[in-house]
Amino acid sequence: MLARTEEAMEAAARQGNMHPTDLRCLAVLSSSPRPLSPKEIISTLGLTSGSGTALFNRLERLGLTTRVPNADDKRSVLIQLDRDAASRPLALLADLRERYEDLTKRFSDAELDVISEYLEAVAKLTPSSKPETYREVGPNVPECQRGCTSRNSP
């Protein structure tokens with residue numbers, strides 16, 4: 001299910017001839033009332049500083065963002081979205097957001113609460129949520145070390 005959400009974002013990015021991370025960055029910038037620091041964006045997107053720098057260079061080269069001086073700290077810059085230049089990718093994001101909102105409207109608040117509770121519980125089942133339980137036995141194949149039964153073995 002979450003993979004489908006990711007696929008929708010990737011499809012929207014491809015439609016705009018962009019990398020999904022580029023589109024995610026534009027989404028973060030467009031939702032902010034002010035330019036953001038590179039650190040804020042990198043943290044939000046879960047990127048390394050190197051991949052963040054490559055992202056900012058790419059978006060600036062495409063004319064979608066600019067680096068502007070930070071008035072509060074002259075040693076740093078902020079990333080500013082050019083909404084006119086980014087209008088096409090932002091339209092793709094708006095369409096995707098509208099489709100999600102239309103889907104969400106089909107459910108009551110109580111049903112959405114149950115869905116949310118379920119998704120949060122599923123997220124807690126991942127090996128990264130309890131790393132001491134798993135060890136790698138091959139490329140990306142976790143093996144349960146303790147607490148597993150035939151019913152809950154990975």
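This is a predicted model: local features need pLDDT of at least 70, side-chain atom pairs count only at pLDDT 80 or more; totals for chains, interfaces and linings use all residues.
Is Glu40 buried, exposed or partly exposed?

**Stop 1: Glu40**

You will find Glu40 in helix α3. Its relative accessible area is 30%, and because buried means under 20% and exposed means over 50%, Glu40 counts as partly exposed. Glu40 and Ile79 lie 39 residues apart in sequence, yet their C-alpha atoms are 9.8 Å apart in space.

**Stop 2: the largest nonpolar core**

Next, select Leu23, Cys25, Leu26, Leu29, Ile41, Phe56 and Leu59. In the largest nonpolar core, which has 24 residues, these are the ones that touch the most other members. To see where the core is drawn from, colour α1 (2-15), α2 (20-30), α3 (38-45), α4 (49-61), β2 (77-81) and α5 (87-104): each gives two or more residues to it. Helix α2 supplies the largest share, with 6 residues.

**Stop 3: around Leu23**

Which residues is Leu23 in contact with, leaving aside neighbours within four places in sequence? Show Met9, Ala12, Ala13, Met18, Pro89 and Leu93, and you have those partners on screen.

**Stop 4: a nonpolar patch on the surface**

Finally, turn to the surface and select Leu103, Phe107, Ile115, Tyr118, Leu119, Val122 and Leu125. Together they form a nonpolar patch with about 600 Å² of accessible area. Helix α6 (residues 109-124) provides the largest share of the patch, 4 residues. Click on Tyr118 to land in that helix, α6.

Notes: Residues are numbered from 1 along each chain as its sequence is written. Side-chain values use heavy atoms; hydrogens and water are left out. A nonpolar core is a set of buried Ala, Val, Leu, Ile, Met, Phe, Trp, Tyr and Cys residues joined through side-chain atoms within 4.5 Å. Buried means under 20% relative accessible area, exposed over 50%, partly exposed in between (1.4 Å probe, protein chains only). Contact means heavy atoms within 4.5 Å. Patches are made of residues with over 30% relative accessible area and no salt bridge: like charges are joined within 9 Å, nonpolar side chains (Val, Leu, Ile, Met, Phe, Trp, Tyr) within 5 Å. Accessible areas come from the Shrake-Rupley method with a 1.4 Å probe; for residues, only the protein chains shown count as cover. A salt bridge is a side-chain nitrogen of Lys or Arg within 4 Å of a carboxyl oxygen of Asp or Glu.
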